[in-house]
Amino acid sequence: MLVHLPLDSDHVFTQLAITSHKSPCMLVPPQQSLIHITLPKKRRMASSKSMLLLMCFVFGSLMQSMKAQDPSKLTLDYYAKTCPHAQQIVRTEMECFVRAEPRNAAIMLRLHFHDCFVQGCDGSVLLDDTATLTGEKQAEQNINSLKGFDLVDKIKEKLEAECPGVVTCADLLAIAARDAVELVGGPYWDVPVGRLDSKKASLELANSDIPTAQQGLLTLISKFWAKGLSATDMVALVGSHTIGFARCANYRDRIYGDFEQTSKYNPSSETYLSKVKETCPLDGGDDNISAMDYATPAAFDNAFYEQLIKGEGLLNSDQEMWSSVVGSQTADLVNKYWADPGLFFKQFSDSMVKMGNITNPEGGEVRKNCRFVNT
C-alpha cells in the first residue's frame with residue numbers, strides 16, 4: 001500500500017530545474033524540525049452529558065468562526081502582472097533549502113500551520129517582539145520548536161529584490177509549504193494568493209487556539225472546527241506528521257504510558273519502543289527529537305497511518321485518531337488513507353487549500369521585512 005518517492009535520487013528535484021533568478025543556491029545548516037501541531041493525551045471515556053456539552057461548544061465555535069470569516073478574495077493569478085516570477089522564486093529557494101537539509105520541508109510546513117491557526121493566514125507568526133508589539137514566538141507551542149525564520153528571511157529578500165513591496169509574507173509561507181511537501185514526494189496543489197500581512201500578533205490566541213498535548217480528541221476536533229475545518233480535514237492535515245519530528249517533552253507520557261497496550265506488546269513494536277526510550281529518558285532530554293514516521297521520515301507518504309493502525313503512534317493525540325473509543329470516524333479515515341495513498345494526497349491537498357484560505361478579516365499590509373510591521 002505504501003507509495004514512496006526516493007529522496008536520494010534526482011526523481012524529486014528534476015520535476016523542476018533550479019533556475020535561480022540571478023541568485024545561486026545558498027546551502028543552509030541542518031535544523032531540527034518539529035512539524036506537528038502538538039496534540040492531546042488520551043481520554044478514553046466521555047459521559048453523554050459531557051459529549052452533549054462539547055458538541056454545543058463545537059457548534060457554537062464553528063458558527064462564530066464562520067461569521068468572522070470574510071469570503072476569500074484569493075486568486076491564482078494575483079501576482080501575474082505585479083510579480084510574475086514570485087512562485088518560481090519561492091520554489092528555487094525551497095529547492096536549495098530542502099536539498100541541503102530535507103527536514104527544512106517540515107520546518108516550513110509547520111510555520112504555515114501555526115500561522116493559519118492564529119488570526120488566519122496572515123504572517124503574524126513571523127513577527128518579532130518589539131517595544132510596541134508582542135509576537136507569537138514565545139507561545140507554548142512555538143517557543144522551543146518553531147524554526148525556519150531565517151529561511152523565510154532569505155526568500156523574502158529574493159522577492160523584494162525582484163518586485164519590492166508586492167508579495168506578502170503570508171503568501172510566501174503558503175507557497176513555500178506547498179513546495180516543501182512536493183519536494184519530499186508529496187502532492188502538488190495550486191495555491192490561491194492575495195493574503196495580507198497582519199499589523200499585529202496575538203500571543204493570547206497562539207496559546208489558546210493552537211492544539212496542545214493536554215487536550216483530548218474531541219477538543220482537538222472542536223479546535224479544527226472553530227477554524228472551519230472538519231474532522232476529515234484534521235485527519236488528513238495531521239498526516240503531515242509523516243515528515244515531522246517531535247520533542248521528547250511531547251511524547252514522554254505516551255511511550256512510558258499506554259504505548260505497549262495500543263501496540264499489543266508486539267515484539268517489533270517493543271524494539272521501536274526501546275529505541276525511542278533511549279532518545280527520551282524519564283528525566284531530562286526534553287529537547288531530544290524522534291521522527292513521528294520512523295519508516296520513511298524524509299518522504300511525504302502515507303506510512304504514518306500504518307503506524308497508527310499498529311498502535312505505534314508516537315504522540316498520544318495521533319494514536320487517539322485510531323484507538324479512541326470516541327474516534328470511530330477518525331479511525332475510519334486513518335484506515336482509508338493508509339489503504340489509498342491517492343485518496344490521502346487528494347484530501348491533504350484540498351484541506352491545505354481550505355486551511356490556507358482562512359484570512360484575517362482585519363486586513364493588513366505587505367511587509368517589507370517579515371519580522372516587523374512597516375513603519
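Reader: What is pLDDT, and what does it say about residues 1–22?

Author: pLDDT is the predictor's confidence in each residue, from 0 to 100. This is a predicted model, and over residues 1–22 the pLDDT stays under 50. The model still has 51 contacts beyond four places in sequence for that stretch. Over residues 60–71 the pLDDT is also below 50, with 12 contacts in the model beyond near neighbours in sequence.

Reader: And what is the mean pLDDT of the chain?

Author: The mean is 86, and 81% of the residues reach 70 or more.

Reader: OK, on to a single residue. Why is N360 called buried?

Author: Buried means under 20% relative accessible area. N360 has 14% relative accessibility, so it counts as buried. You'll find N360 in the segment after α15 (341–356).

Reader: What makes Q119 a contact of N360?

Author: Contact means heavy atoms within 4.5 Å. Leaving aside neighbours within four places in sequence, N360 is in contact with Q119, G120, D122 and S198. There's also L196: its C-alpha lies 8.0 Å from that of N360, though the two residues are 164 apart in sequence.

Reader: How do you know that the side chain of N360 reaches the backbone nitrogen of E362?

Author: By the distance, which is 2.9 Å.

Reader: Which residues does the "binding site" annotation cover?

Author: The UniProt record, an unreviewed entry, puts that label on T242, D293, T296 and D301.

Reader: Why do T242 and D301 count as buried?

Author: T242 is at 0% relative accessibility, so it counts as buried. D301 is at 1%, so it counts as buried too. As for where they sit, T242 is in the loop between α8 (231–238) and β1 (245–247), while D301 is in the loop between β2 (289–291) and α12 (303–309).

Reader: What joins the side chains of D301 and T242?

Author: A polar contact of 3.0 Å. That value falls within the 3.5 Å cut-off. Apart from neighbours within four places in sequence, T242 also has contacts with D293 and T296, among others including P297, A299 and F300.

Terms used:
Residues numbered from 1 in each chain as written. Predicted model: local features only at pLDDT ≥ 70, side-chain atom pairs only at ≥ 80, totals over all residues. Heavy atoms only, no water. Helix = DSSP H or I, 4+ residues; strand = E, 2+ residues; numbered from the N terminus. Buried < 20%, exposed > 50% of the residue type's maximum accessible area, 1.4 Å probe, protein only. Polar contact = N/O pair within 3.5 Å; in protein donor to acceptor, adjacent residues only side chain to side chain. UniProt positions renumbered as here; feature names shortened; annotations may be inferred.
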